[in-house]
Amino acid sequence: MTGTRKQPDQNEEPRENRPENRPESREKQPKPAPGSVQSVDRAVSVLEILARLGEAGVTEIADELGVHKSTAFRLLGVLENRGLVGQAKDRGKYFLGAGVLRLAGAAAVRLDISQEGGPVCRDLADELGETVNIAILDDDAAVNIMQARGPASVTAQNWLGRRTPLHATSSGKVLLAHLPTTLREGLIARTLPRLTEHTVTGMVALRGELEAVVDQGYAVAVEELEVGLAAVAAPVRAHDGKVIGALSASGPVYRLTEDRLTELAKRTVAAAVELSRRMGYGF
């Protein structure tokens, strides 16, 4: 059976000439992932376009996206408000903003500390015989991005990728202690969960502990996250002196006595200083 083909309207642009059907548009614009928000997908596409072209005007971006100029203008406005794009007022062209550098810098720090921290982590684990971790701040928690186990380690527990509360871990206390005052106070003013009978949850008591962490250069947590677990941690600094991570050593409380913890703290601090040096601090 032969159907009747619909004739295109005279005012309708031929299908093959529409932006979404042009070969270059199909090639440059990835298909949105299932369930993705279309505006988010388009905003990311804008950043990719600017990364590829260097700078572009609203009309050019709209053509690349296959959308109306008003849609492209709204997307650029949102991105500009967040510092992700900037505009050359004399030419009207848009370019990637400083906000992209900030995000890229955060990712670079994570990659750098992982790369430089590997040898330090393994050497310290071998020296102490305990489990050694590197943690970084992840919003309101510490997340472990590297782990090495020493020969005396008695547990196969994997801390890698695990988010732990700032107030109940040695690494978390180091990261918390070196935050800007306003941010730190906001975090400790929350209702903090008591994970064991030794977890410090009171704002005044916790503030005192954090001050001690800064003064002595390391943090200690004994059975505050889990019963039977003790740990010490020291700060890792970037080239500008900012604390970007925490190097910790942990083990069972029956082995990590008070004297042993003091010795671990001394060696962990030394290893953290070495890692900070690798990150450019002190030059």
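How exposed is Arg277, and what relative accessibility places it in that class? Arg277 counts as partly exposed, at 39% relative accessibility; buried means under 20% relative accessible area, exposed over 50%, and partly exposed in between, with a 1.4 Å probe and protein chains only. The model is predicted, so that local features need pLDDT of at least 70 and side-chain atom pairs count only at pLDDT 80 or more, while totals for chains, interfaces and linings use all residues. Residues are numbered from 1 along each chain as its sequence is written, and side-chain values use heavy atoms, with hydrogens and water left out.

The side chain of Arg277 meets that of Glu274 in a salt bridge, at 2.9 Å from N to O. A salt bridge here is a side-chain nitrogen of Lys or Arg within 4 Å of a carboxyl oxygen of Asp or Glu. Because Glu274 and Arg277 are three residues apart in helix α9, about one helical turn separates them. Helices (H or I, at least four residues) and strands (E, at least two) are DSSP runs, numbered from the N terminus. Glu274 is likewise partly exposed, at 27% relative accessibility. Both residues belong to a network of salt bridges that also includes Glu116 and Arg278.

The structure holds 15 salt bridges. One of them joins the side chains of Arg255 and Glu130, at 2.7 Å from N to O. This pair links distant parts of the chain, 125 residues apart: Arg255 lies in the loop between β8 (243-252) and α9 (258-278), and Glu130 in the loop between α5 (98-128) and β3 (131-138). Glu130 is buried, at 2% relative accessibility, whereas Arg255 is partly exposed, with a relative accessible area of 23%.

A further salt bridge is formed by the side chains of Asp140 and Arg190, with an N to O distance of 3.0 Å. Here too distant parts of the chain are linked, since Asp140 sits in the loop between β3 and β4 (141-149) and Arg190 in the loop between α7 (181-188) and α8 (203-216), 50 residues apart. Asp140 is partly exposed at 31% relative accessibility, and Arg190 is partly exposed at 45%.

Helix α2 (residues 38-53) contains Ser45. With 4% relative accessibility, Ser45 counts as buried. The Ser45 side chain reaches the backbone oxygen of Asp41 at 3.0 Å. Val40 is also found in helix α2.

How values were computed: Polar contact = N/O pair within 3.5 Å; in protein donor to acceptor, adjacent residues only side chain to side chain.
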